[in-house]
Amino acid sequence: MATMIEENGPSTHEEVSPWLLARQKLEGLLNKNMKIRMTDGRTLVGLFLCTDRDCNVILGSAQEFLKSTDTFSQGEPRVLGLAMIPGHHVVSIEVEADSLEEAQGFRSNRC
């Protein structure tokens with residue numbers, strides 16, 4: 001389903017490509033807090049800075065949370081700072097609750 005936009009007045013319409021819509025959605029998520037679950041059970045939380053066509057993700061001010069076997073022992077997060085998550089290790093990506101309203105409910109299970 002294509003979205004129509006107006007350019008140079010109401011008489012000219014141009015079809016927007018799905019790639020452009022996806023890019024606009026990603027640009028809207030820049031500098032939002034994200035939670036990324038990885039295949040090895042770890043969860044990284046940080047600011048979304050960028051991604052590439054291989055679905056690699058760069059997070060700033062990232063913290064790592066280990067998968068705990070005991071649900072009552074969460075432990076302290078490990079501060080990573082700038083982190084790159086390879087796309088093939090991403091299981092899910094969520095926008096944190098405080099950023100969710102601004103991001104209009106964006107949620108992805110796989111790239």
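Visitor: Where does S61 lie?

Guide: S61 lies in strand β5. Welcome, by the way: what you see here is a predicted model.

Visitor: Why is S61 called exposed?

Guide: Its relative accessibility is 59%. The word exposed is kept for values over 50%, so S61 counts as exposed.

Visitor: What is the phi of S61?

Guide: Phi of S61 is near 50°, a positive value, and the residue is something other than glycine.

Visitor: Which other residue has a positive phi although it is not a glycine?

Guide: N31 does, with a phi of about 65°. N31 follows helix α1 and is found in the loop between α1 and β3.

Visitor: Why is N31 called exposed?

Guide: The relative accessibility of N31 is 53%. The cut-off is over 50%, so N31 counts as exposed.

Visitor: Since we passed α1, how many residues does that helix have, and what does it reach from its first C-alpha to its last?

Guide: Helix α1 covers residues 18–29, which gives twelve residues, and reaches 17 Å. The expected span is 1.5 Å times one less than the number of residues. For α1 that expectation is 16 Å, and the 17 Å in the model is close to it.

Visitor: Now to the loop between β6 and β7: which residue lies there?

Guide: G87 lies in that loop, with β6 at 78–85 on one side and β7 at 90–95 on the other.

Visitor: Why is G87 called buried?

Guide: G87 has a relative accessible area of 10%. Buried means under 20%, so G87 is buried.

Visitor: What does G87 touch, not counting residues up to four places away in sequence?

Guide: G87 touches D54, C55 and N56. A contact needs heavy atoms within 4.5 Å. As for N56, its C-alpha atom and that of G87 are separated by 4.1 Å, although the two residues are 31 residues apart along the chain.

Visitor: And V90, is that residue buried or exposed?

Guide: V90, found in strand β7, has 5% relative accessibility. V90 and R37 are 53 residues apart in sequence, yet 6.1 Å apart in space from C-alpha to C-alpha.

Visitor: Which residues touch the most other members of the largest nonpolar core?

Guide: They are M34, I36, V57, L59, I85 and I93, out of the 14 residues in that core. The strands β3, β4, β5, β6 and β7 each supply at least two residues of this core.

Visitor: How many helices and strands does the chain have?

Guide: The chain has two helices and eight strands. From the N terminus on, the elements run β-β-α-β-β-β-β-β-α-β.

Visitor: What share of the 111 residues in the chain is buried?

Guide: Buried residues make up 27% of them. The chain exposes about 8000 Å², and carbon and sulfur atoms supply 53% of that area.

Visitor: How many of the contacts between residues at least 6 apart in sequence join residues at least 24 apart?

Guide: The share is 37%.

Visitor: What pLDDT does the chain average?

Guide: The average is 80, and 68% of the residues score at least 70.

Visitor: Where does pLDDT stay under 50?

Guide: Over residues 1–11, for which the model has 16 contacts beyond four places in sequence. On a confidence scale from 0 to 100, this stretch stays under 50.

Note on methods: Residues are numbered from 1 along each chain as its sequence is written. This is a predicted model: local features need pLDDT of at least 70, side-chain atom pairs count only at pLDDT 80 or more; totals for chains, interfaces and linings use all residues. Side-chain values use heavy atoms; hydrogens and water are left out. Helices (H or I, at least four residues) and strands (E, at least two) are DSSP runs, numbered from the N terminus. Buried means under 20% relative accessible area, exposed over 50%, partly exposed in between (1.4 Å probe, protein chains only). A nonpolar core is a set of buried Ala, Val, Leu, Ile, Met, Phe, Trp, Tyr and Cys residues joined through side-chain atoms within 4.5 Å. pLDDT is the predictor's confidence in each residue, from 0 to 100. Accessible areas come from the Shrake-Rupley method with a 1.4 Å probe; for residues, only the protein chains shown count as cover.
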